[in-house]
Amino acid sequence: MKTPRAVPWLFLSPFLLLFSVFYIAPVLYAGYLSMFIKKRAGFGAAKEVFGGLENYRRAFQDSDFIHSLLNILKFGVVQIPLMVILATAFALILDSHKGRLQGFFRTAFYLPYTIPSVIAGLLWGYLYSKNLSPFNQISKMLGGTGADFLGSDVVLWSIANIVTWTWTGYNMITLYAALQNIPSDLYEAARIDGADGWKLTRYIKLPLLAPSLVLVLIFSLIGTMQIFAEPFVLRPLGYVPDNITPNTYLYLIASRDGNFSYAATLAILLALFTFVLSGIFLRFTRQEAPK
Amino acid sequence: MSVTRTRFSPLQLLALTALAIYSLLPLWWLIVTIFKDNGQLFSTFGLWFSSPSHLSENLHTLFTRQDGIFSRWIMNSFLYSGATALGSVLVSAMAGYAFSAYEFRGKDALFSLILATIMVPATALVLPIFLMMQKLGLLNTYWAVILPGLVNPFGLYLMRLFWDSSFPKELMEAARIDGAGEWTIFQRLGLPLVRSGLVTVGLFAFVTAWNNFFLPLVAVSRDDLFPLTLGLSVWNQTSSSSGQEPLYTVIALGALISILPLVIAFLTLGRYWQGGVADGAVKG
């Protein structure tokens with residue numbers, strides 16, 4: 001029996017309709033917007049006029065924007081490997097045992113992921129706050145002076161800690177689930193060949209974990225490029241630069257300056273940048289894979 | 001399956017305990033803090049209780065401040081997340097079914113295009129969506145927060161994996177021979193088979209909507225439309241600025257209440273939270 005050709009499209013129609021309105025149209029609209037610049041003529045109100053690629057030229061010379069990109073790169077280069085290594089190590093530890101304690105640890109590690117990033121930001125904001133931080137209280141009890149976690153030079157790493165706190169457990173569970181899916185006869189075979197302990201991890205577990213690791217890394221990369229809520233809620237509590245991440249800078253351009261066309265330009269550049277980085281990363285890992 | 005059944009070595013146990021403390025410490029601080037007033041917050045040790053308890057005052061302030069708007073925020077969060085979850089499950093289930101059960105022209109290209117949009121930063125979408133909604137007069141409505149969340153490429157991806165693995169295509173043929181229509185096959189035969197997928201994707205959409213901050217931040221400016229995340233963030237901003245009564249412990253209580261639904265959902269529906277993501281990676 002042959003089904004009419006329209007059937008799959010009918011099933012797809014609600015998704016495609018919403019997808020066009022909330023994904024395709026905004027991207028195209030942002031591209032359109034980015035072609036306009038705000039111009040002030042004499043004493044008159046600012047007007048939007050066609051500016052071609054003027055906004056893009058401005059972005060590449062905008063040291064605040066460049067600085068935010070460099071910031072997030074610095075952040076990613078340090079935070080992502082640290083978090084993924086932690087997550088992998090703990091997934092491996094948990095995978096090699098079973099029992100009641102194991103369930104407790106899994107739940108404890110995963111719990112931070114259930115906390116909205118705004119709330120995580122608030123929570124850590126208090127823990128960082130100079131006068132009420134329990135870390136500083138402990139440090140003072142031990143004769144130290146306490147630290148300013150929200151000082152402009154360390155706040156990026158304080159944010160990195162919040163992100164690590166939120167996502168390590170989530171990534172660990174993803175990797176742990178992948179390890180649990182490895183068929184046990186593979187282990188049997190390896191054991192007969194005399195592989196055990198570290199060898200088992202190195203030659204069986206890690207290679208089979210590779211696809212999940214790639215996924216975890218890609219999602220971490222995309223997430224890092226979009227960090228917004230944490231610095232946003234930390235701002236009232238300490239000194240957080242406006243351009244600490246590309247998104248906080250972009251929000252400032254839109255909300256303070258009301259310059260939506262330039263903000264749209266920055267959003268497009270950020271998207272392109274994410275695409276390029278993910279592409280390079282995927283290319284890099286694909287070449288590594290077949291061995 | 002795991003192999004060894006031995007106990008954790010002391011070193012492993014130490015590492016596990018350290019990470020558990022790291023994960024739970026902020027939550028412990030939160031629980032301790034909701035019993036304090038601002039004076040105690042600054043004068044007593046942050047990681048332990050102090051008497052007398054001020055929980056009832058904090059509760060009173062939390063639920064009566066600004067005419068009890070906090071209850072409204074709780075309701076809003078449930079409304080936004082519930083509607084988003086239900087809607088996006090239906091939309092993703094149908095679309096995932098189309099990709100899994102049918103062959104059609106351009107299928108692979110379309111699927112890749114949809115997946116590629118996972119990489120588009122939310123800001124790149126939210127900004128133009130804000131302007132579009134402004135033109136349509138949708139700002140400051142419930143729709144402004146719900147509609148964009150109904151379409152979720154990652155939800156579709158997950159849903160397709162569930163259809164691929166739990167819905168045998170021979171079943172379709174058999175049902176067609178019995179004269180069942182395509183919608184009936186999907187609804188009566190298919191949906192029950194991917195039930196765990198529906199829960200996983202629904203939960204994922206619920207959590208994403210509950211945690212969403214950027215969209216409500218730009219889409220609603222009337223405080224009676226705020227979700228919990230936005231409301232608490234605004235209180236944090238206003239109470240930190242000078243000349244206002246500090247609200248730290250009240251906000252802490254609000255924060256704890258705002259995470260309770262997700263923590264409960266996680267502890268009761270735990271097994272649905274993980275699935276999918278890793279399965280897909282191993283298969284793919």
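The following dialogue goes through some labels used for this predicted model and the values behind them.

Guide: Local features in this predicted model need pLDDT of at least 70 and side-chain atom pairs count only at pLDDT 80 or more, while totals for chains, interfaces and linings use all residues. Residues are numbered from 1 along each chain as its sequence is written, and chains are lettered from A and ligands numbered from 1 in the order in which they are written.

Visitor: What makes a stretch of chain B a helix, and how many helices are there?

Guide: Helices are DSSP runs of H or I with at least four residues, strands are runs of E with at least two, and both are numbered from the N terminus. Chain B has 14 helices and zero strands. Its C-alpha atoms fill a box of roughly 75 × 65 × 30 Å along the principal axes.

Visitor: Why do Asn140(B) and Thr141(B) count as partly exposed?

Guide: Asn140(B) has 15 C-beta neighbours inside 10 Å, so the label is partly exposed. For Thr141(B) the count is 16, and therefore Thr141(B) is partly exposed too. Asn140(B) lies in the loop between α5 and α6 of chain B, and Thr141(B) is found in the loop between α5 (122–136) and α6 (142–146).

Visitor: What is noted about the phi of Gln66(B) and of Asn140(B)?

Guide: Most residues other than glycine have a negative phi. Gln66(B), not a glycine, has a positive phi of about 50 degrees, and Asn140(B), also not a glycine, has one of about 60 degrees.

Visitor: What makes residues of chain A and chain B count as in contact?

Guide: Their C-beta atoms, placed from the backbone, must lie within 7 Å. On that basis, 78 residues of chain A are in contact with 80 residues of chain B. Helix α1 (residues 6–33) of chain A gives the most to the chain A side, with 16 residues.

Key
Contact = placed C-beta atoms within 7 Å. Buried ≥ 20, exposed ≤ 12 C-beta atoms within 10 Å, placed from the backbone.
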